[in-house]
Every structure is written in structure tokens, then in C-alpha cells.
Amino acid sequence: MKQLLSFIKKEFAHVLRDRKTLLILFGLPIVQIIIFGFALTNEVKNAKIIVMDEAKDIASQEIISKVSASNYFEIEKSILSQQQIEESFKKGIIKMVLVFPSGFNNDLMHMQKAQVQVIADASDPNTANTLTNYLSAIIMDYQQMLNKGTSLPYRITTETRMLYNPQLKGVQNFVPGLMALVLMLVCVMMTAISIVKEKELGTMEILLVSPLKPIIVILSKVIPYLVLSVVNGVIILLLSVFLLGLPIRGSIPLLLLESVLFIITSLSLGLLISMATETQQAAMLVSVMGMLLPTMLFSGFMFPIENMPLLLQVISNVVPAKWYYIIVKSIMIKGLGFSSIWKESIILGIMTLVLTVASLKKFKIRLA
Amino acid sequence: METPVIKTDKLTKRFGAFVAANEITFEVYPGEIFGFLGANGAGKTTAMRMLCGLSKPSSGTATVAGFDIYKQPGKIKANIGYMSQKFSLYEDLTVLENIRFFAGIYGLTNKQIKEKSEKLIQQLGLQKETKKLVGSLPLGWKQKLSFSVAVLHHPAIVFLDEPTGGVDPVTRRQFWDLIYDASETGVTVFVTTHYMDEAEYCNRISIMVDGNIKALDTPIKLKEQFKATSMDEVFYQLARSATRKAD
Amino acid sequence: MNSVTLQNITKTYNKGTILAVDKVSFEVNNGTLFGLIGPDGAGKTSIFRILSTLLLPEKGEATVDGYDVVKDYKSIRKNIGYMPGRFSLYQDLTVEENLHFFATLFGATLRQNYDMIKDIYVQIEPFKKRRAGKLSGGMKQKLALCCALIHKPSILFLDEPTTGVDPVSRREFWEMLKKLKAQGITIVVSTPYMDEATLCDTIALIQSGKILSVNEPDKIIKAYPGNLYAVKSGKMYQLLKDLREYDQTFSCFAFGEYLHLSFKNDTPASAQEVLNYLKQKGYTDIELNPVTPGIEDCFIRLLKQ
């Protein structure tokens with residue numbers, strides 16, 4: 001026991017004295033959150049839109065005032081000719097034109113259906129899509145206000161309203177993914193590097209030629225990074241809640257527990273990598289290429305898995321981050337409890353067990 | 001008196017408050033084998049780096065091969081050879097590839113490269129090994145090849161940083177044969193070593209202690225001065241008075 | 001009793017293409033200072049790693065303190081002190097922290113075994129709060145030695161502890177080893193420096209994985225065949241070349257101030273004959289005297305055979 005404590009103390013000393021690495025470990029997620037949260041949103045704001053109101057009646061005016069009130073759109077006040085409108089589209093100044101035909105309200109009231117034309121600059125389909133959605137949402141809103149429960153005569157672009165995220169906020173999607181990424185990064189890469197460093201420097205030899213049991217080496221390498229990851233994870237959560245305004249709808253203890261499970265999975269992966277590589281550079285490369293990249297691609301965080309070809313979907317099942325991401329989303333955003341995520345938890349648990357056992361078995365008691 | 005190949009005047013290097021090399025003043029003449037000795041931490045490496053144009057001095061002046069070390073470090077590098085224990089050749093290139101590569105770096109023409117590499121290979125007896133990877137050669141051969149490559153472009157002066165560390169006694173002496181040969185063709189040799197018997201092979205020696213040059217003369221005169229029978233004893237007497245033991 | 005025994009130990013690398021250790025056998029007696037002397041690549045580190053149970057030999061047997069290096073490695077690992085090459089310590093931990101860590105590793109404390117390392121430790125004690133990476137080569141050596149001794153091992157394996165360190169620090173280090181030996185520890189050291197050989201009780205000369213000779217230093221010197229002469233003149237390099245061309249020369253090598261010369265057929269007249277030869281070549285200031293061979297001379301001689 002004394003050995004273990006002494007070893008852990010040494011490991012903490014190494015970690016804390018390596019200022020540069022600490023900076024990266026903690027700075028990276030913070031910077032990422034700030035960048036993603038504020039600067040790079042896939043929200044669109046203040047898109048210039050032209051309204052051609054040929055109806056000039058109550059309905060159109062109401063819809064227009066709603067559009068104007070939203071901070072997604074900025075209505076271009078000046079009156080432009082057809083040609084000028086085309087020019088503005090070409091130059092990308094205007095993103096959208098909303099056209100109300102004359103007799104809009106009349107049609108609505110008497111025939112219970114009316115049309116609105118939306119012309120969107122689809123050279124950037126994502127933006128066009130987003131803006132169209134925003135607009136549809138506003139129109140639907142007005143519609144609902146108008147009709148109480150009756151079927152809607154308007155021809156509306158059918159767009160799935162994002163559950164739990166009607167305004168298509170990026171943040172909700174992003175934070176769980178960031179958690180998975182950062183925890184994986186810290187645990188896999190740093191653990192691997194820490195062990196390989198001892199091999200490179202030659203201190204591993206001395207450790208082996210001592211009564212020290214290999215399990216103690218492993219535990220003490222792993223515990224500081226376990227602690228660091230938990231701290232890092234908590235920081236990310238705190239920043240998300242207080243800086244980005246993202247609420248945690250589910251049980252926080254459950255979230256932390258699942259996170260610890262995922263951390264242990266990542267630590268085992270780090271151990272395995274350290275057994276297979278001889279230099280710190282190699283360890284870093286394998287961690288980034290072999291772990292980080294698949295995590296980013298296959299966890300579902302950046303690209304929806306459902307849209308991938310079947311083969312890649314199958315592959316994604318092997319990536320632990322995928323299961324963790326689902327778990328975090330369920331708890332954080334959907335506010336679900338263990339009963340909904342027990343399957344994913346078990347899968348993650350089995351992965352952890354297998355990896356941990358494998359890494360323990362592979363630990364070499366000799367140099368070759 | 002010939003123009004010195006190295007001439008320094010109060011050359012100093014400071015790292016913050018720590019003075020690594022303090023007002024080093026000496027001259028080295030063409031064709032000399034000059035031994036640069038000192039304990040670890042005495043300031044040898046710092047001084048050598050300044051002379052090779054790798055490190056800028058804090059104060060003092062120096063010229064190497066006629067070039068000023070502040071204003072013309074590039075010209076210095078083009079006119080010197082350098083070999084250290086840590087790096088010499090690329091282990092994953094063949095003997096021939098290494099020779100060609102370094103010759104190219106030093107600006108030799110293709111014709112020169114061809115001539116010189118053939119000559120070198122003959123001189124070292126490596127005719128059968130030209131296509132072998134340097135990494136597969138025994139250490140002694142690597143060292144010899146390294147040295148030959150360092151003087152391939154016939155520089156005015158070649159700097160050798162502990163070139164014979166860890167090498168077996170026979171190879172060590174063969175290496176010194178090469179140094180003698182080079183010296184006879186007019187190349188000045190500036191060498192550091194921990195083998196005191198090698199200090200005897202030099203024309204003149206300087207010994208650095210705590211950043212200062214505490215002795216500078218021929219081996220014979222130094223032994224007279226310190227009433228010692230070997231360079232080992234001279235070194236021992238000087239180093240014992242050193243205070244900078246922990247840095 | 002023998003602390004360490006090796007019998008026909010063979011070690012290869014790279015799927016058998018590199019023969020690092022070739023049927024090496026020798027023994028180390030209890031309480032002696034044993035030196036494994038040889039240049040880089042001779043096989044010293046491989047032998048040390050086999051003895052400290054870090055590598056398995058392809059062939060042969062070895063024991064340390066009576067335990068087999070393959071089967072009883074756990075017992076060996078509990079009891080030996082080991083310092084691999086280039087003093088591997090934790091650069092970013094202080095002197096104190098390093099010592100404390102290694103002590104705990106073996107279930108010992110600094111206080112318990114202070115006497116063991118006192119002589120050495122007092123030299124680095126003023127720097128105990130300094131990070132190991134910031135110590136000079138000589139200081140690192142001393143710290144490494146303390147860390148290897150802290151648990152009072154019965155045998156100490158030191159792999160090239162003086163490599164890259166200046167002659168004065170080297171000498172001091174060997175003084176420390178002698179004092180340790182006086183406390184009853186068996187010490188096995190490897191070094192490429194031939195002049196350190198005479199400081200050992202017994203030495204094994206090794207080159208290219210093969211043992212050239214195992215004996216006490218002065219016995220090896222006595223075994224030098226024939227006479228050895230030291231020669232000197234004003235023009236040393238020219239003298240070297242001329243002597244090598246002389247048909248009676250068996251070997252001629254530079255040894256600092258002098259050349260060491262040995263003859264093919266050593267007769268009482270050999271000395272005079274070579275002097276005549278040199279006079280003919282125009283030398284006027286030849287100094288020639290018989291000299292006792294050193295370990296390096298013996299090493300070179302053994303290499304030639």
C-alpha cells in the first residue's frame with residue numbers, strides 16, 4: 001500500500017510539473033467551448049431578407065412583424081426592383097425573399113389555404129435549410145395562433161422540428177461530444193505517453209528490477225489521470241451550464257458515474273497502446289490516429305451515424321465513445337434515467353472489462 | 001606568425017546570472033591539433049557552440065577561419081567540419097548516400113563529390129560496404145566514416161566533440177591516425193576528449209575550469225608547470241580546485 | 001561462495017541476426033568489486049540485463065545470489081540494486097523525492113539505511129531540493145548510487161556509471177565504490193574505460209560479445225606475452241609510421257606521450273636492433289625503455305589474437 005501511495009505521489013508530481021502539457025489538457029477544452037459556443041455557431045443570425053408584400057393585409061403584416069422581431073432575420077427596408085433583387089442574391093447580400101401574394105388574408109380566411117413563397121439562396125444549402133426552417137417555424141407559429149387544432153391549409157415546407165431543440169441550437173449537440181473527445185484524449189494519450197516515457201528514459205528498467213508488482217505500476221499511472229479527467233469533465237460541465245446556458249436535465253450523479261466508466265475504458269486503451277509502442281512519439285501518433293480520429297468520426301458527434309453506409313455503422317459500434325455519447329445526450333439533454341440507458345451502459349461496461357483485462361495481461365515483466 | 005584559424009578575445013556567454021564561459025581568450029594556428037579539455041559543466045560545450053556559430057556570445061569577439069562569429073556565422077558553418085558523438089551520420093542511409101549527402105551540403109560539385117567519395121572509400125577500405133546501411137556498421141567504422149565525411153570538403157578547421165567516447169582502444173587509435181593525416185594536409189583539428197592519453201597527441205591543450213581557461217600550453221610544458229608526470233595528473237590538480245561541481 | 005555465476009550465456013537480437021553475447025561464462029566472488037571492461041557494443045549492457053532478470057538469454061544459465069535468473073527472478077528483483085546506463089532517474093523530481101521514492105519501492109526508508117549511503121549522500125545533501133535534471137553528471141552519478149543502495153542490497157549492478165563523466169569525477173566515484181565494498185557489498189560494474197580496470201578486484205575483458213580474459217588485473221598484466229617497450233621521439237606520428245613498417249614489429253600503438261612497441265620475435269637484441277633501424281631512418285632523439293603493460297595494452301593484444 002505504501003508503495004502504491006509513494007508511486008501515485010510521484011506520478012502526480014510528474015503531471016503537475018509538466019506545465020506545458022497541463023496547459024493543453026485543461027486549456028484545450030476551455031478554448032474549444034468558447035470557440036464553438038460563441039464564435040462558430042451553425043446558427044445563422046441577422047440574415048438579410050427581403051419581403052415583398054403584395055397583400056398588405058393583417059395576416060401578412062403580422063407574419064412580417066414576427067419575422068422582423070426575430071433576431072435571425074434582418075428585413076431589408078429599401079424597395080428593390082426585380083433586377084436589383086437578383087443582383088443582391090448573386091452577391092450573397094440577400095439570403096432570402098419572402099413573398100406574400102395579394103389577397104393573402106382573404107384566401108386564408110375564406111378558402112382556408114394560402115400560399116407564401118420563399119426564395120432562398122441555396123448556394124449554401126445548410127444556411128438555406130436553416131433559414132427556411134426558421135421561417136417555417138415562425139409561420140407555423142402564426143398558424144397555430146390562428147387555428148386552434150384544425151388542420152392547416154397552408155402548404156408548408158415539411159421540415160422535422162428538432163426535438164428538444166426547436167431553435168436548432170448547436171451547443172446541445174456539441175457538449176456531449178466534447179466531453180467524449182476530451183476524456184478520451186486525456187486518458188488514452190496521456191496515460192500511454194506517461195508509461196512509454198518511463199520506457200524511453202530507462203526508469204522502467206529500475207521499476208521492473210524491484211519488488212514492485214506490475215499492478216501497482218499500472219494503478220499509479222492510471223489514477224492521476226483518472227482524477228484529472230474527472231476534474232476536466234466537471235469543468236466542461238460547469239462551463240456549459242453557466243457560460244453556454246446548457247441545462248443538465250438528468251441526474252448528475254448518474255452522469256458522473258457513467259463518465260467514470262468511460263474514463264476507465266479510455267485508460268485501459270491508453271495502457272494497451274503503451275504496451276505496443278516504444279517511443280512517446282509513436283504513442284502520441286497511435287493515440288491520435290487510432291483513437292481520436294475514429295472517435296470524432298464514429299461517435300455520432302459530428303456526423304450522424306444513421307446516414308453512414310452500413311459497414312461504417314457496424315464499425316461505429318466498436319467505438320466506445322459512440323455509446324458514451326448516447327448516454328451523455330440521454331442524461332444531459334433528454335433528462336432520461338438509467339432505465340433508458342442500461343443497454344448502452346452494459347455495452348460500455350463489457351468493453352471496459354475486456355480492455356482492462358487485456359491490458360493487465362499484456363504488461364511485460366521483462367524488457368523483451 | 002601565421003594568421004590564427006581561431007582567435008578569441010574575452011569571449012563570454014551568460015545564461016541569466018550564470019556565466020557559462022568567462023572571457024575566453026586564445027588562438028589556434030593552422031594545422032594544429034588543439035585539445036580542448038575540461039570537466040563536465042566547465043563550459044567546453046558552450047565555448048565550442050559559440051565557435052561553431054551555433055550560439056551567440058554575450059560579449060567578447062572571435063573569428064573562426066577568418067570570419068566574425070557575430071556577423072558571419074553562416075560563412076563559418078560553411079568552412080568548418082563538425083562531428084560529435086551524438087550525431088554523425090544517418091543510420092538508415094547507405095555509406096555512399098551519406099557521403100554524397102554531406103558533400104552536397106558543403107557545396108561540392110558533382111565531379112568533386114565523385115572523386116572525393118572514391119578516394120575516401122579507398123582510404124577507409126570500405127569498398128565492400130558502400131551499399132550497406134551505416135546503422136549496420138560497427139561503431140568504430142561509423143566513427144571513422146563520420147570523421148572523413150566531416151573533412152570531405154577540406155575545411156579550414158574541424159571541430160570534434162568527444163569523438164572517441166566508448167570506442168574500443170584499437171579503433172580509437174585508428175581514429176587518431178585519421179586525425180594526424182588530416183592535420184598533415186593542413187586541416188586544423190579542435191577536439192574535446194575525456195581520454196587523457198589523447199590529450200598527449202595534441203600540439204597544444206587548454207583546460208577549462210568553472211568557465212575559465214586555467215591552462216593553455218603544450219602537454220610537455222603543462223606537465224613541467226604542474227610538476228606532473230602525466231596529463232591525468234595535470235587535469236586532476238586543476239579540476240580539484242573547481243567549485244562548480246553541481247552545475 | 002559465488003554471488004554471481006554465468007555459464008555459456010548467449011543472447012541474440014533481431015531474430016538471431018545480431019549475436020550480442022557469445023557463450024559468456026564467469027563468476028563473481030562474494031564481497032568483491034568486479035569490472036566488466038569493454039567498449040560500446042561489446043555486450044556489457046545485455047549481460048547486465050540478463051543478470052538483473054530484464055532479458056532472457058537464448059542459451060546458458062546464470063545465477064545471482066544463488067537464484068536462477070529465469071526461474072527465480074522475483075527473488076532476485078527484491079534483493080539487488082541496479083542502475084542502468086546513463087543514470088536513469090526522474091529528472092523532474094528532486095534529489096530528496098527520488099531517494100524517497102526508491103526507498104519506498106523496496107520497503108525501506110532513508111532513515112533506516114542512512115549509514116549505508118551517508119558518505120555519498122553528504123556530498124549531494126546541500127542540493128536535496130534541486131531537481132535531478134539540473135545536477136551535473138558527477139552529482140547525478142552520486143544520486144543514482146544512493147538510490148541503488150537505499151534498500152541495502154547484497155549485490156549492486158552498475159551499468160556504465162562513469163561513462164561521459166570527466167576523469168576526476170570518475171576517480172571519486174571509484175573511491176566511493178571501494179568504500180562500499182568494504183561494507184561487504186558485492187559490486188559488479190561495467191565500463192569502457194580501461195584505466196578503471198586496475199581499480200577492480202577481478203575483471204573480465206569483453207569485446208564483440210566474447211570474453212577475452214577473466215582474472216585479477218595484475219595477473220592479466222603478468223600474462224602479457226613478451227616484452228613491451230615505450231618509445232619516444234620529437235616526431236611521433238612519423239615514428240609511428242616508421243615503426244609499423246619495421247618488419248620485426250608485432251604491434252605499435254600510440255599511448256599518450258609514448259608509443260608502445262612489441263616485437264614478433266622477442267630477443268635480448270631486439271631493442272638494439274630497432275634502435276639501429278631508427279638511426280638509419282635519421283632519428284637522433286630516440287628514447288626507448290621497457291615498460292610494464294597496462295590493461296589497455298593487454299586488451300589490444302588479446303584483440304589481435
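Within chain A, pick out Arg17(A), Val209(A) and Arg366(A), which supply 28% of the area that chain A buries against chain C, more than any other three residues. This is a predicted model, in which local features need pLDDT of at least 70 and side-chain atom pairs count only at pLDDT 80 or more, while totals for chains, interfaces and linings use all residues. Residues are numbered from 1 along each chain as its sequence is written, chains are lettered from A and ligands numbered from 1 in the order in which they are written, and side-chain values use heavy atoms, leaving out hydrogens and water.

Next, show the side chains of Glu205(A) and Arg49(C), which form a salt bridge whose closest N and O atoms are 2.8 Å apart; the term stands for a side-chain nitrogen of Lys or Arg within 4 Å of a carboxyl oxygen of Asp or Glu. Across this interface of chain A and chain C there are 2 salt bridges.

Now turn to chain B and chain C, where 30 residues of chain B are in contact (heavy atoms within 4.5 Å) with 33 residues of chain C. The area buried between chain B and chain C is about 2700 Å², and carbon and sulfur atoms give 57% of it. Finally, select Asp177(B) and Arg244(C), whose side chains meet in a salt bridge at 3.1 Å, N to O, where the count between chain B and chain C is 6 salt bridges.

Note on methods
Buried area = accessible area lost by both parts, 1.4 Å probe.
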